[in-house]
Amino acid sequence: MTGMLDAGGMFREVTATQVLLSTAYPRIRFVEFAADDEKENGADWLWWWVDRDGTCYGLLVQAKILKLHGKRWSVDFNYKTRGDDRTQLSKLIKAANRFHVPAAYVLYCGDAQYRSALTCDRTHDDFPCKERDRAGVSAVSALVAETAVGLDAKNAGVSTFHDAVPVEDIASPDGLDAPIVPLARVLDQDLERFLRQPRRGSRRVAKELLRPVQRIRHGQFAGAAVMERAAPVTGALFENVPNDYGHFSVPYVAHMLCGLRAEVPGYVRDVLEGRTLPAWLTDHVGGIVVIPDADALPTASPGRVGDGGAGLLSLGFPEAPQPPHDQHPGQAA
Ligand SMILES: [Zn+2]
């Protein structure tokens, strides 16, 4: 992204995805399917985080750019293809339901210099939105975008960027995994523990995607959360989840957690084992990304691939030696 901007150009979704995936390879695995005209723009990809014990989390992902038009930052969530009245956003959520995974966006947001004029009126502890580390490639639930578009379409890009989590951070075991408190008070014990206690790997990815959605739900005056259960998804880690919609178009906990599975789907195993993938898949998605060993310690990762410049340099190289903890720059040893 920086390279294109420095050259006076603009990065694109398809190219940015190819650079991201090829840079993160071989830590991650991916298969890109042949693009036809229909899929050429905005083809959705399936992303799967797979733990060593087979627990995994899948998303149907659409890549989008955080764009600057004049002085306005936007993401074209409401994009429509010619002759089709439905927005990409509603189509993405529908398509995700067919794959029994949640819908999400991966936002390409350039580097800190690109975002230097971005203003966000909400707070992030101590950090301005635009200066967050690694935010150049961030992920967010489509339900967050759906809400943002519904509340204030003009500001939906910035608002969604605010709630997006850097892709590199969503499975980071170092970060704080604060408890998530759903509105439905009576939950299955295992679901309750999952939401309240720190988790790693694919479970943690699911929580990081759910967290901003839950935050939005807390702000909705949609009445008390319903107690009935959503229809269970075969193989889901949590089969008894509340059917609460809030103001979302789907029961949000069920939607966010249907992608969290106890077993690796066959087609994900096919990717990992280099087998040919079925046509029902290759005809309908742009490709598949698999992040194996998602629960492994960060030392197993090849480095940062977002906009933390130093991290990019360390890709594929051993970690730079760290100074001893009791020594600080500018302080005599
Ligand atoms: Zn913000």
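How do the residues of the lining of the largest cavity divide into nonpolar, polar and charged? They comprise 7 nonpolar residues, 2 polar residues and no charged residue. This briefing concerns a predicted model, whose protein chain has an average pLDDT of 85.

**Confidence**

- In the protein chain, 85% of the residues reach a pLDDT of at least 70.
- Among the elements of the chain, strand β9 (residues 260-261) has the highest mean pLDDT, at 98, while helix α11 (residues 309-313) has the lowest, at 35.
- Over residues 300-333 the pLDDT remains under 50, and for this stretch the model has 36 contacts beyond four places in sequence.
- Where pLDDT is low, predicted coordinates should not be read in detail.

**Nonpolar core**

- The largest nonpolar core consists of 94 residues, and Leu46 and Trp47 are those with the most contacts inside it.
- Strand β3 (residues 56-65) contributes the most to this core, namely 7 residues.
- Leaving aside residues up to four places away in sequence, Trp47 touches Leu20, Tyr57, Gly58, Leu59, Val61, Val106, Val167, Val289 and Ile291.

**Cavities**

- The model contains 2 cavities of 30 Å³ or more, and the largest cavity has a volume of about 50 Å³.
- The lining of the largest cavity is formed by Thr17, Ala43, Trp45, Trp47, Val61, Gln62, Ala63, Val106 and Tyr108.
- Strands β2 (45-50), β3 and β6 (103-108) are the elements that each give two or more residues to this lining.
- Strand β3 supplies the largest share of the lining, with 3 residues.

**Largest pocket**

- The largest pocket has a volume of about 1,000 Å³.
- It is lined by 27 residues, of which His124, Asp125, Arg132, Val165 and Glu208 are the closest to its centre.
- The elements that give two or more residues to the lining of this pocket are α5 (156-163), β8 (165-166) and α7 (201-218).
- Helix α7 gives the most to the pocket lining, with 6 residues.
- The lining of the largest pocket includes 14 charged, 8 nonpolar and 5 polar residues, whereas the lining of the largest cavity has no charged residue.

Notes. Residues are numbered from 1 along each chain as its sequence is written. This is a predicted model: local features need pLDDT of at least 70, side-chain atom pairs count only at pLDDT 80 or more; totals for chains, interfaces and linings use all residues. Side-chain values use heavy atoms; hydrogens and water are left out. A nonpolar core is a set of buried Ala, Val, Leu, Ile, Met, Phe, Trp, Tyr and Cys residues joined through side-chain atoms within 4.5 Å. Buried means under 20% relative accessible area, exposed over 50%, partly exposed in between (1.4 Å probe, protein chains only). Helices (H or I, at least four residues) and strands (E, at least two) are DSSP runs, numbered from the N terminus. Contact means heavy atoms within 4.5 Å. pLDDT is the predictor's confidence in each residue, from 0 to 100. On a 1 Å grid over the protein atoms alone, a cavity is a set of points where a 1.4 Å probe fits but cannot get out, and a pocket is an open set with protein on both sides within 12 Å along at least five of seven lines; lining residues have an atom within 4 Å of a point. Grid points are joined across faces, edges and corners, and a volume is the space filled by probe spheres set on the points. Ala, Val, Leu, Ile, Met, Phe, Trp, Tyr, Cys and Pro count as nonpolar, Asp, Glu, Lys and Arg as charged, and the others, Gly among them, as polar.
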